Every structure is written in C-alpha cells, then in structure tokens.
Amino acid sequence: AVLGSYPHIAYDAFLRRLGDDAGVVIVATPYELGVDHGAIAGECQKSLNDAWAVAAAREGYDVSSMPVFAAGHSLGCKLQLIAACGSGPRGSADGGSEG
C-alpha cells in the first residue's frame, strides 16, 4: 500500500515503457494511506478526472470517445474497484458529479 503514495518512483520504469510501447497516456494517481477507503477512492477518481481533462485539452482529445483502462494491485486495485462502483462518468466515486 505504501507504493501507492509514490507511483512516480515505484512504477516509473514500467509506466514509461508501457506508455512508449503501447502509445498510451499514463496517469498515475498517488494517494495518502488511511482507513476511509471510500473517501480515498473518491479523491483518487477526482485527481484522475482532473488530470485527464487537462491532458485531453492539451492534446486535443475528445474525452467522451477515449477509452480509459485502469491497472493496480493491493490497495490501489481496491480503490479502483470502489471508484468503479460509483454511478457517474468513469465510475466516479462521488456519485457522478463532474467539475
């Protein structure tokens, strides 16, 4: 779980290679450890949505037509699953509110 606080350090080589080889945009969302996994999942989802919106605007992507895939392990995977159970776009854990 500690590695999730530092994805840019723990997973840098893997994510760079994945991005280069697959030609995809990678957004690594760090999180603070805590016991309220629902709240942490919501914070991660908001960070992802904000970063994705900035990247999409910068690169001229249409966010409504771009597929989004998630990868994780341990607590990071659990947080993704909690966020995916939300009812909004990209499974936002905040109930679907955007912006």
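1. A residue counts as exposed when its relative accessible area is over 50%, and as partly exposed between that value and the 20% under which it is buried. The points below apply this to the charged pairs of a predicted model.

2. R17 has a relative accessible area of 59%, so R17 falls in the exposed class, the cut-off being over 50%. Its salt-bridge partner is D21, with 3.0 Å between the closest N and O atoms. D21 is exposed too, at 57% relative accessibility. Both residues belong to helix α2, where a spacing of four residues puts about one helical turn between D21 and R17.

3. Helix α2 covers residues 12-22 and also holds R16 and D12, again four residues apart, or about one turn of the helix. The side chains of R16 and D12 form a salt bridge, at 2.9 Å from N to O. R16 is exposed at 56% relative accessible area, whereas D12, at 32%, is partly exposed.

4. A further salt bridge joins R58 to E59, with the closest N and O atoms 3.1 Å apart. R58 has a relative accessible area of 62% and is exposed. E59, at 46%, is partly exposed.

5. How many salt bridges does the structure hold? The count is four, and the pairs described above are among them: R16 with D12, R17 with D21, and R58 with E59.

Conventions
Residues are numbered from 1 along each chain as its sequence is written. This is a predicted model: local features need pLDDT of at least 70, side-chain atom pairs count only at pLDDT 80 or more; totals for chains, interfaces and linings use all residues. Side-chain values use heavy atoms; hydrogens and water are left out. Helices (H or I, at least four residues) and strands (E, at least two) are DSSP runs, numbered from the N terminus. Buried means under 20% relative accessible area, exposed over 50%, partly exposed in between (1.4 Å probe, protein chains only).
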